[in-house]
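Thanks for coming. I will go through one protein today, starting with the overall numbers and ending with two single residues.

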Amino acid sequence: MAKFHIRKNDTVYVLAGEDKGKTGKVLKMLVKKERAIVEGVNMVSKSTKPSAKYPQGGIIKQEAPIHISNLSLIDPKSGKPTRVSIKHEGKNVIRISKKSGEEIK
């Protein structure tokens, strides 16, 4: 299984693509495809049939997966994109911001 610097509920910055410069919260990680679904980023229109959830049916806007290479974690101290270093303390893995040296929770 692949290991990533980005996890669910992290705030990330989009580095490339149509939504470059946007920030959002990671809603879901698709580990096998190396992609993440980010809130408000990479929106696509999807046609749906009427159902209990959408009685009208029609066209819905929803987030599509974006490759994790196009995402960068936001530094908790400065609020800017940063790279991540990993530190092992026993069995615990701690992510540390390269920009500020702060621990990322």
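Let me start with burial. Of the 105 residues of this protein, 29% count as buried. Please keep in mind that what you are looking at is a predicted model.

The accessible surface comes to about 7,500 Å². Carbon and sulfur atoms account for 50% of that area.

Now the secondary structure. How many helices and how many strands does the protein have? There are zero helices and 11 strands. Reading along the sequence therefore gives β-β-β-β-β-β-β-β-β-β-β, and the protein is more spread out than a compact globule, because its radius of gyration is 16 Å, well over the 13 Å that the globule rule gives for 105 residues. Along the principal axes, the C-alpha trace spans about 50 × 30 × 20 Å.

On contacts, take the pairs of residues at least 6 apart in sequence. Of the contacts between them, 38% join residues at least 24 apart.

Next, the interior. In soluble globular proteins, nonpolar side chains tend to be buried together. Here, the largest nonpolar core has 15 residues. Those with the most contacts inside this core are Ile-6, Val-12, Val-26, Met-29, Val-38 and Leu-71. Which strands each supply at least two residues of the core? They are β1, residues 11–14, β2, residues 23–30, β3, residues 35–38, and β7, residues 71–74.

Finally, two residues with backbone angles to look at. Glu-34 is found in the loop between β2 and β3. Its phi is positive, about 55 degrees, although Glu-34 is not a glycine. Is Glu-34 buried, partly exposed or exposed? Glu-34 is partly exposed, with a relative accessible area of 35%.

The other one is Asn-42, in the loop between β3 and β4, where β4 covers residues 43–48. Asn-42 also is a residue other than glycine with a positive phi, near 60 degrees. Asn-42 is partly exposed, and its relative accessible area is 26%.

That is the end of my part.

Methods
Residues are numbered from 1 along each chain as its sequence is written. This is a predicted model: local features need pLDDT of at least 70, side-chain atom pairs count only at pLDDT 80 or more; totals for chains, interfaces and linings use all residues. Side-chain values use heavy atoms; hydrogens and water are left out. Helices (H or I, at least four residues) and strands (E, at least two) are DSSP runs, numbered from the N terminus. The radius of gyration is taken over C-alpha atoms; the globule rule is 2.2 Å times the number of residues to the power 0.38. Buried means under 20% relative accessible area, exposed over 50%, partly exposed in between (1.4 Å probe, protein chains only). Contact means heavy atoms within 4.5 Å. Accessible areas come from the Shrake-Rupley method with a 1.4 Å probe; for residues, only the protein chains shown count as cover. A nonpolar core is a set of buried Ala, Val, Leu, Ile, Met, Phe, Trp, Tyr and Cys residues joined through side-chain atoms within 4.5 Å.
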